[in-house]
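Trainee: I have a new structure to read. Could you walk me through it?

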There are 2 protein chains.
Amino acid sequence: MVRRARSGQVGVVDLARELGVSTATVSRALNDSRAVRPELAERIRAHAHERGYVPNRLARALSASVSRAFVGFVVPYVDTPAYSAVAAECARLLSAGGTQMILTITENDPERELRQLRELTASRVAGLVISPSTHMLPESRELLASIPVVELHRASGITAPGVFSDDERVLDEAVGHLAGLGHRAIAYLGTPEALSNGAARLQGVRHAMGAAGLDPDAMAVHLAEPTPGNGRRGVDALLDARPAPTALLVVGGALSIGTAQRVRERGLRLPDDLSLVVYGDPVWFALSDPPLTTIRVSYSEHARRAAEMLTDLLGEDPDARPAPGPHLVVPELRVAGSTGPPRHG
Amino acid sequence: MVRRARSGQVGVVDLARELGVSTATVSRALNDSRAVRPELAERIRAHAHERGYVPNRLARALSASVSRAFVGFVVPYVDTPAYSAVAAECARLLSAGGTQMILTITENDPERELRQLRELTASRVAGLVISPSTHMLPESRELLASIPVVELHRASGITAPGVFSDDERVLDEAVGHLAGLGHRAIAYLGTPEALSNGAARLQGVRHAMGAAGLDPDAMAVHLAEPTPGNGRRGVDALLDARPAPTALLVVGGALSIGTAQRVRERGLRLPDDLSLVVYGDPVWFALSDPPLTTIRVSYSEHARRAAEMLTDLLGEDPDARPAPGPHLVVPELRVAGSTGPPRHG
């Protein structure tokens with residue numbers, strides 16, 4: 001049976017004792033500091049999650065200020081970890097303070113998004129976490145101005161705090177890794193420029209190409225809405241072009257899932273036929289054959305930040321409210337067996 | 001960009017043309033008939049999903065009867081495909097008819113479940129799909145009697161139609177497959193007997209052991225709430241026992257995810273050190289090293305049935321309403337590289 005602790009029962013001291021590490025190490029790992037080995041940090045975070053650990057600050061704020069409120073969580077998709085894992089962890093953290101989360105799925109349809117926002121704001125939700133659709137309607141932006149909002153993954157141009165991935169530095173690392181292996185023909189599969197994250201990623205990867213001494217304008221680029229099906233089609237579009245790339249950099253969680261499937265279906269051996277870098281945090285990237293070199297995004301960290309920021313927005317202390325604009329979570333490059341030197345120079 | 005069709009724009013004829021197969025084949029595949037090769041059926045279903053195909057009957061009923069209503073979707077978890085994939089597909093099908101889905105996550109906590117059911121029934125939801133918590137409260141059962149309800153994955157003892165997996169025959173196949181390879185020491189990792197699916201699966205696997213000429217009472221058994229963490233602990237409990245099993249049968253999607261991780265961490269080579277059968281439908285079972293022998297559950301079929309049944313319950317035609325009790329979806333055994341003969345007899 002699940003061992004589940006009530007809010008406040010499990011503290012950093014308990015986690016440290018159970019894992020045989022110091023409380024300082026636990027604290028650093030839970031704050032995603034770079035001072036802890038990634039494997040150990042992940043083990044600590046996984047254990048904290050299983051034991052139902054809730055950060056003190058979050059538990060206190062939640063129980064003090066927004067007891068039993070309902071909040072909305074509006075996402076374009078829910079069948080990939082960028083949304084399902086964040087939704088699950090956000091719901092867990094919020095509910096520890098008595099706040100229930102209502103999730104709606106827009107399927108990235110702006111009209112459906114507007115209907116859902118109308119329903120949610122007309123009902124009793126105290127606030128919202130939203131990952132906006134690619135082409136949000138002006139009416140939706142107006143509705144969002146009337147309620148405390150935290151943006152997630154994507155910015156819609158409204159005045160609100162948001163939790164986003166800071167992909168710029170890790171893209172430098174990823175491109176540098178591929179260039180260091182000898183790759184010159186690097187293809188890029190990413191999200192569309194109409195998405196805030198798509199524009200930032202394309203700019204970042206172009207900058208990284210230049211920094212690695214490669215010509216950004218010679219890079220093959222395919223941009224598509226983040227779904228596994230588009231990942232599959234992107235692989236075909238990029239690998240069937242001539243000259244064929246020797247390395248593929250995928251920056252998007254759902255695109256990465258379709259990519260991994262399609263690369264396997266095409267019978268490509270990694271890294272001999274193609275070097276592959278994917279993006280996200282599914283458990284199976286490490287279980288694949290070979291394990292996949294990954295830009296690893298901590299979705300639990302995204303969830304924790306979003307839950308804390310929404311709680312602070314709803315709280316009574318104006319000084320605790322997060323500033324509008326991006327609050328960034330830094331992903332990290334994990335090199336594994338899917339990247340290697342190109343077969344011929 | 002996503003090619004998304006509006007409800008009604010994509011029909012069986014379009015799908016057949018685009019895939020170069022007959023309309024009869026498309027229809028059979030979409031109805032999950034055994035008459036179509038599994039790979040082809042999956043390709044057809046994936047294409048139908050990508051093209052936004054909605055079954056005629058569902059689209060008609062939805063637009064006629066419950067236009068723009070809100071329905072609830074209450075689940076214990078959302079971070080594994082049994083819930084995230086079903087939620088996403090159900091939301092897609094319902095919204096094609098103008099019905100929006102509100103998802104809440106109980107974390108399998110009966111009190112949280114009751115609070116959520118109170119909120120949902122007090123608000124404007126027209127009906128509910130629910131995957132009940134393991135120990136649902138009597139007050140929750142009373143609330144569920146006041147509203148059209150479809151159960152999913154688990155039965156709570158209320159009078160309502162439910163969509164469940166029919167695991168009995170496939171368990172016979174799976175145990176027969178392992179016994180045919182020469183395994184005698186088969187361990188079983190499954191969901192608790194307090195869950196309707198846990199009780200049915202344990203009974204099924206015990207029956208299958210007997211049918212294969214093995215002693216059900218000699219089988220090592222570990223039952224736990226379906227979470228990845230419990231899958232990891234179950235692997236340790238079963239593999240550290242003596243005599244050690246030569247084969248492990250896991251019947252639960254979330255348990256299977258933790259199992260695959262833990263088996264890899266323990267450095268076990270499949271199938272030489274252990275034969276492994278897992279359960280569910282994650283894309284990565286086929287991408288693992290080696291690919292995993294799987295009891296494959298069609299979550300898209302579960303979603304379609306649940307959406308249709310809820311729609312029929314909400315419709316104006318009393319003759320179309322589904323009967324209370326189980327409506328079963330049959331999973332199938334897919335043999336892959338993770339099962340083989342035991343190392344020594």
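**Where the chains meet**

Mentor: Chain B and chain A bury about 4,400 Å² between them, 53% of it on carbon and sulfur atoms. Keep in mind that this is a predicted model.

Trainee: How many residues of chain B are in contact with chain A?

Mentor: 49 residues of chain B touch 49 residues of chain A.

Trainee: How many salt bridges and polar contacts are there between chain B and chain A?

Mentor: The count of salt bridges between chain B and chain A is 0. Polar contacts are found for 13 residue pairs across this interface, with both residues at pLDDT 80 or more.

Trainee: Which elements of chain B give two or more residues to the side that touches chain A?

Mentor: They are helix H5 (81-95), strand E2 (100-105), helix H6 (110-122), helix H10 (228-239) and helix H11 (253-265) of chain B. H5(B) gives the most, with 7 residues. By class, this side of chain B has 21 nonpolar, 11 polar and 17 charged residues.

Trainee: Now the sheets. What holds strands together in a sheet?

Mentor: Strands pair through backbone hydrogen bonds, either parallel or antiparallel. Now take chain B. Its 6 strands form an open sheet in the order E7-E6-E8-E9-E10-E12, and the pairing is mixed. The edge strands of chain B are E7 (220-223) and E12 (332-334), each pairing on one side only. From one strand to the next, the twist averages 15°.

Trainee: In which sense do E9 and E10 of chain B pair?

Mentor: Strand E9 (residues 275-280) and strand E10 (residues 293-296) of chain B pair in the parallel sense, over 4 bridges. Tyr279(B) stands opposite Ile295(B) in E10(B).

Trainee: Which strands of chain B does helix H9 touch?

Mentor: Helix H9 (residues 196-211) of chain B packs on the sheet and touches E6 (186-190), E7, E8 (247-251) and E9 of chain B. Its direction makes about 165° with that of E6(B). H11(B) packs on the sheet too, touching E6, E8 and E9 of chain B. The direction of H11(B) makes about 140° with that of E8(B).

Trainee: What is the strand order in the open sheet of chain A?

Mentor: The order is E7-E6-E8-E9-E10-E12 in chain A, over 6 strands with mixed pairing.

Trainee: Why is one side of E7 and of E12 in chain A left without a neighbour in the sheet?

Mentor: Strands E7 (220-223) and E12 (332-334) of chain A stand at the edges with a single partner strand each, so one side of each has no neighbour in the sheet.

Trainee: How many bridges join E6 to E7 in chain A?

Mentor: 4 bridges join strand E6 (residues 186-190) of chain A to E7(A), and the two run parallel. Ala187(A) has Ala220(A) in E7(A) as its bridge partner.

Conventions
Residues are numbered from 1 along each chain as its sequence is written. Chains are lettered from A and ligands numbered from 1 in the order in which they are written. This is a predicted model: local features need pLDDT of at least 70, side-chain atom pairs count only at pLDDT 80 or more; totals for chains, interfaces and linings use all residues. Side-chain values use heavy atoms; hydrogens and water are left out. Contact means heavy atoms within 4.5 Å. Buried area is the accessible area (1.4 Å probe) that two parts lose on being put together, summed over both. A salt bridge is a side-chain nitrogen of Lys or Arg within 4 Å of a carboxyl oxygen of Asp or Glu. A polar contact is a pair of N or O atoms within 3.5 Å; within protein, one must be able to donate a hydrogen and the other to accept it, and residues adjacent in sequence count only if both atoms are side-chain atoms. Ala, Val, Leu, Ile, Met, Phe, Trp, Tyr, Cys and Pro count as nonpolar, Asp, Glu, Lys and Arg as charged, and the others, Gly among them, as polar. Two strands pair if DSSP finds at least two bridges between them. Axes are lines fitted to C-alpha atoms, for helices over the stretch in contact, and angles run from 0 to 180 degrees between N-to-C directions.
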